[in-house]
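This report is for a reader who is new to the structure. Please look at the sequence and the model first, then read on.

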There are 2 protein chains.
Amino acid sequence: MRPYLAVDWGTTNLRAWRVGADGVVQDERELPLGVSQIGECEAASVFAEHVRPALHGEDLPALMCGMIGSNLGWRVMPYLDCPADKAALAVHLGDVGERVRIAPGLRCAGITGAPDVMRGEETQLIGWIEMAPDRGRGRHIVCHPGTHAKWALIVDGRIEQFVTAMTGELFDVLSTHSVLGADEGEDDAKAFDAGVEAAGDGSALATRLFSTRARVVGGDAPASSSRSYLSGLLIGAEIAALAPHFGAAPESQIALLGAPALCAHYNRALAHRGFHSTVDDGADAALAGFNALVALGALDAS
Amino acid sequence: MRPYLAVDWGTTNLRAWRVGADGVVQDERELPLGVSQIGECEAASVFAEHVRPALHGEDLPALMCGMIGSNLGWRVMPYLDCPADKAALAVHLGDVGERVRIAPGLRCAGITGAPDVMRGEETQLIGWIEMAPDRGRGRHIVCHPGTHAKWALIVDGRIEQFVTAMTGELFDVLSTHSVLGADEGEDDAKAFDAGVEAAGDGSALATRLFSTRARVVGGDAPASSSRSYLSGLLIGAEIAALAPHFGAAPESQIALLGAPALCAHYNRALAHRGFHSTVDDGADAALAGFNALVALGALDAS
């Protein structure tokens with residue numbers, strides 16, 4: 001393997017690593033330079049002026065994933081259709097010049113008829129598969145919490161299918177801009193669990209959400225508990241709707257992959273509903289994914 | 001009957017009428033003085049200085065409903081538990097002095113375990129029952145669209161049960177503050193219908209909502225159609241979740257009650273899903289409700 005720069009370049013932030021010939025991280029940075037934070041057509045200069053120098057990687061090839069491959073990023077990378085494995089990703093990288101290659105996003109049939117899409121999580125999912133020997137065989141359900149949470153079905157090392165739930169964004173806009181009164185409040189585990197419970201089978205979400213307010217004005221709960229209740233309700237509704245979609249039932253295992261603090265909330269909600277879970281850090285998985293793609297020749301002749 | 005002032009005093013606006021001894025409106029005003037627009041403890045002075053004089057009603061008793069009976073309004077009125085009919089409302093008015101009485105809100109068991117609540121719609125529902133002779137007998141389903149839509153089951157002239165869906169508020173916060181890109185765009189009936197269709201059985205709403213974006217970035221629809229699609233999706237999901245809750249199936253009749261423009265959208269979505277519907281203006285119903293309460297003695301000795 002050769003040394004390279006890896007960049008998981010998202011909407012708000014980017015995370016970048018300098019990786020040695022042994023695949024081990026030599027240096028890393030997290031920068032508030034996500035594609036929504038920089039100007040149109042600025043990705044190349046941001047990379048040249050802020051990312052390469054920060055990692056002392058002027059002479060290294062770079063591999064990227066995430067929203068940097070969208071219409072807000074460096075250049076639009078086509079979506080690959082599912083099922084897709086690491087080999088498919090490795091041969092469909094886009095070369096944008098300057099020794100930089102970008103992973104394609106993934107697309108699959110969505111539950112509404114419209115296609116569903118992801119950018120960035122595919123590289124983490126490929127990495128997640130690499131992180132333990134048993135993950136390349138059989139059937140696994142992976143949940144990637146976030147602004148747009150992704151649930152993926154992994155079959156024999158392929159990303160077979162996935163579904164998005166905009167749970168994180170619903171939490172953000174409802175806690176900040178709605179009458180639910182959930183804009184502040186300490187973490188309240190009891191209220192979180194009550195929210196998970198109130199999610200029921202995940203149906204009638206617009207009705208269940210209103211219970212965040214009704215339980216307060218009805219005198220059953222303090223307003224300070226609304227934030228945790230709303231979080232539990234939205235996460236609980238996501239689990240109730242999407243776990244059965246991939247055939248998971250209580251006692252099934254669901255693998256969490258993402259930011260540790262957010263995974264901890266999901267872990268609690270999954271346990272409350274009787275699921276078993278494992279937790280892996282999304283940054284570790286992204287790096288494992290980049291390494292897997294490089295090992296397959298992703299940066300050859302760059 | 002005696003002449004009086006009627007005020008449907010909501011969160012954003014208030015609508016006030018001077019009603020003659022024959023129950024007929026002599027004058028009316030709509031003012032941007034909802035309880036969220038005025039200061040704490042200002043309801044009495046707003047009423048004395050802006051509403052009474054505007055309607056030349058200095059010497060008349062007044063009957064009010066809506067958020068004016070909440071903790072943001074004049075004084076908190078307790079909630080009456082369902083089932084409740086006009087007679088129950090008439091005997092549970094709160095007297096706040098100055099010849100002003102306020103209707104109580106209603107409360108019933110919600111689908112999450114937390115109670116559900118309404119303030120203001122109860123008076124419109126009571127009025128809706130009065131507006132046609134057949135509505136006081138048998139079983140009727142009434143949908144009241146709005147920021148917090150209410151679906152009510154009317155049985156033999158009683159409000160038997162109701163459910164809230166915060167559809168209007170979800171539309172407002174998601175169209176204004178989310179990545180769905182639905183903040184502008186002309187009415188697009190085809191996109192609205194596609195949204196109603198994409199609502200499916202109303203499950204997995206956080207996933208279906210993401211299709212608003214996925215259909216655009218996937219190249220299947222223009223961004224300008226997102227607003228109508230999102231509207232159809234949220235209204236369709238509300239219908240899919242709540243119509244069965246009260247036992248309605250295609251070919252059933254669902255009565256719409258509320259603002260005419262919003263009812264027109266619901267009417268289209270109901271028809272798309274095979275329901276029959278009638279439409280009544282919420283303002284007409286509020287007035288009929290006030291008149292019914294006054295006829296029962298709501299303002300006696302005031």
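## How the two copies meet

In this predicted model, 100% of the interface residues of chain A are also interface residues in chain B, so the copies meet through the same surface. In numbers, 41 residues of chain A are in contact with 41 residues of chain B.

A rotation of 180° superposes chain A on chain B, with 0.0 Å of shift along the axis and an RMSD of 0.0 Å. This is the relation of a two-fold axis. Within chain A, A:Ser203 has the C-alpha nearest that axis, at 2.4 Å.

## Area buried between the chains

The size of an interface is often given as the accessible area lost when the parts come together. Here chain A and chain B bury about 3,400 Å² between them, and 73% of this lies on carbon and sulfur atoms. On the chain A side, the residues that lose the most area to chain B are A:Met166, A:Thr207 and A:Phe210. Together these three account for 17% of what that side buries.

## Contacts and contributing elements

Across the interface, 7 residue pairs are in polar contact, with both residues at pLDDT 80 or more. The count of salt bridges between chain A and chain B is 0.

By residue class, the side of chain A that touches chain B divides into 25 nonpolar, 9 polar and 7 charged residues.

## A loop residue in chain B

B:Thr11 lies in a loop of chain B, between strand E1 (4–9) and strand E2 (14–19). Is this residue buried, partly exposed or exposed? B:Thr11 counts as partly exposed because its relative accessibility is 37%, and the partly exposed class covers values between the buried limit of under 20% and the exposed limit of over 50%.

Leaving aside residues up to four places away in sequence, B:Thr11 touches B:Gly34, B:Val35, B:Ser36, B:Gln37 and B:Met67. B:Arg273 is 262 residues from B:Thr11 in sequence. In space, the C-alpha atoms of B:Thr11 and B:Arg273 are 32 Å apart.

Terms used:
Residues numbered from 1 in each chain as written. Chains lettered and ligands numbered in written order. Predicted model: local features only at pLDDT ≥ 70, side-chain atom pairs only at ≥ 80, totals over all residues. Heavy atoms only, no water. Contact = heavy atoms within 4.5 Å. Buried area = accessible area lost by both parts, 1.4 Å probe. Salt bridge = Lys/Arg side-chain N within 4 Å of Asp/Glu carboxyl O. Polar contact = N/O pair within 3.5 Å; in protein donor to acceptor, adjacent residues only side chain to side chain. Nonpolar A, V, L, I, M, F, W, Y, C, P; charged D, E, K, R; others polar. Helix = DSSP H or I, 4+ residues; strand = E, 2+ residues; numbered from the N terminus. Buried < 20%, exposed > 50% of the residue type's maximum accessible area, 1.4 Å probe, protein only. Least-squares fit on C-alpha atoms with pLDDT ≥ 70 in both.
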